[in-house]
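Subject: Structure handover

Hello,

Here is the structure for your files. My notes on it follow below.

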Amino acid sequence: MANVTVIGAQWGDEGKGKIVDWLASRADAVVRFQGGHNAGHTLVIDGQVFKLSLLPSGIVSGTMSMIGNGVVLDPWALRDEVEKLESQGVTITDDNLAIADNCPLILPLHRDLDGLRETAAGKGKIGTTGRGIGPAYEDKVGRRAIRVCDLAYLDHLEPQLDRLCAHHDALRAGFDQPPVDREALLDELREIAPFVLRFAQPVWKRLKKVRKAGAKILFEGAQGVLLDIDHGTYPFVTSSNTVSGTASAGSGLGPNATGFVLGIVKAYTTRVGSGPFPTELDDDVGQGIGERGHEFGTVTGRQRRVGWFDAVLVRQTCAVSGVTGIALTKIDVLDGLETVKICTGYRLRGNVYDYLPSHAADQANVEPIYEEMEGWSQSTAGARSFADLPANAIKYIQRVQELIECPVALVSTSPERDDTILMRDPFVD
């Protein structure tokens, strides 16, 4: 049996929550390996809706869930999410949740800085969630982060606070803000520390033990490859690497452990916030797709921008993330359209491109080249086998996998866990 790594192969919001939950019910452990609580996963199980931002999706099914060192952890958001899930009947203990003790923390000062920067940016706004993710990653790389393990040594935190405040006080002064209130910060950390420390442990060691026992591990990514700090539509990206290779560094297991890479791909394209979007639809068709797909951000509630499927982008993300097979979601949202379009290339200054150029100006100015196909009037919602799909929906799926040069491993036909058509089992070599 293979391990599986799940990543979003577009701009996030591809329906990873449902797929990860479906896979988690067959896994022995689920690991989040990057991002923070800016990631939103929605699970629908027997009609009950669970919204997760930080916890691995496996927690709802009772699967052993771990937050790896590649995640930046807001301890107060963690507590709120745990309490919310417990109120919905989910059991969360140190038996089924582990948090890497070397996780960097997101602090109130990080949220402050995130908001101050976005407010001051004017037309240069990136469209962050304002939750302090970027500033927390900056402090990690700048070697001034406070980590989970530090919560057990708060009486010895002064040297780290000196480094942290020297940086943040200067930034805050530039925004005409007072210095960090160190005592207030310590008080908040003392209050939250017992809650977080009950789950803290060396996750890499726990994973080594799990793997040695032959257990199936599911690595869960957040956001999407087009938001990767290196490979995404920079600067309109997140602050971590979202590609599958991060599963190794962000969990503490070697690259040979990540197994089958499953890229989650929506049957059309969406993105939240600012940045280039070559196939964006500013018409009634786009509005209709967005309404049928309930395209609102799980974390922010912002309406998502909607466009046709972009095979150029997905082919690129599958290549840079080493995708073994894709999970195609929300095919049912396209039901009833007379025609559907797929972007097969771009025009830019008289040239044709089969990839997205790196420069932001070029990304903003490319013009999509479309291939048009007949739509289908029959419903695909709830289909659980290929035989249940309309002929034109099957042709659409087959054309997608041809253009992205990557096979379709499964198709999701509704938010419900079992409404899934399996062509290749990611957990089987």
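Of the protein's 429 residues, 57% count as buried. Buried means under 20% relative accessible area, exposed over 50%, and partly exposed in between (1.4 Å probe, protein chains only).

Before the rest, the ground rules. This is a predicted model, in which local features need pLDDT of at least 70 and side-chain atom pairs count only at pLDDT 80 or more, while totals for chains, interfaces and linings use all residues. Residues are numbered from 1 along each chain as its sequence is written, and side-chain values use heavy atoms, with hydrogens and water left out.

Overall fold

The protein has 12 helices and 18 strands. These are DSSP runs, numbered from the N terminus: helices are H or I with at least four residues, strands are E with at least two. The radius of gyration is 22 Å, close to the 22 Å that the globule rule gives for 429 residues, so the protein is as compact as a globular protein of that length. That radius is taken over C-alpha atoms, and the rule is 2.2 Å times the number of residues to the power 0.38. The C-alpha trace spans about 65 × 50 × 40 Å along its principal axes.

Contacts here mean heavy atoms within 4.5 Å. Among those between residues at least 6 apart in sequence, 77% join residues at least 24 apart.

Cores

The largest nonpolar core holds 96 residues. Such a core is a set of buried Ala, Val, Leu, Ile, Met, Phe, Trp, Tyr and Cys residues joined through side-chain atoms within 4.5 Å. Leu 78, Leu 189, Ile 326 and Tyr 396 touch the most other members. Leaving aside neighbours within four places in sequence, the contacts of Leu 189 are Trp 76, Leu 105, Leu 107, Ile 146, Leu 151, Leu 154 and Leu 157. A second, separate core has 17 residues, including Ala 24, Leu 262, Ala 327 and Ala 409.

Helix H4

Helix H4 covers residues 133–141. Its buried residues are Ile 133, Gly 134, Pro 135, Ala 136, Tyr 137 and Asp 139. Their cover includes helix H3 (108–120) and helix H5 (158–174). Just after H4, Arg 143 takes a positive phi of about 60°.

Asp 362 lies in helix H11 (residues 360–365). Asp 362 is buried, at a relative accessible area of 17%. Not counting residues up to four places away in sequence, Asp 362 touches Leu 348, Arg 349 and Pro 357.

Best wishes
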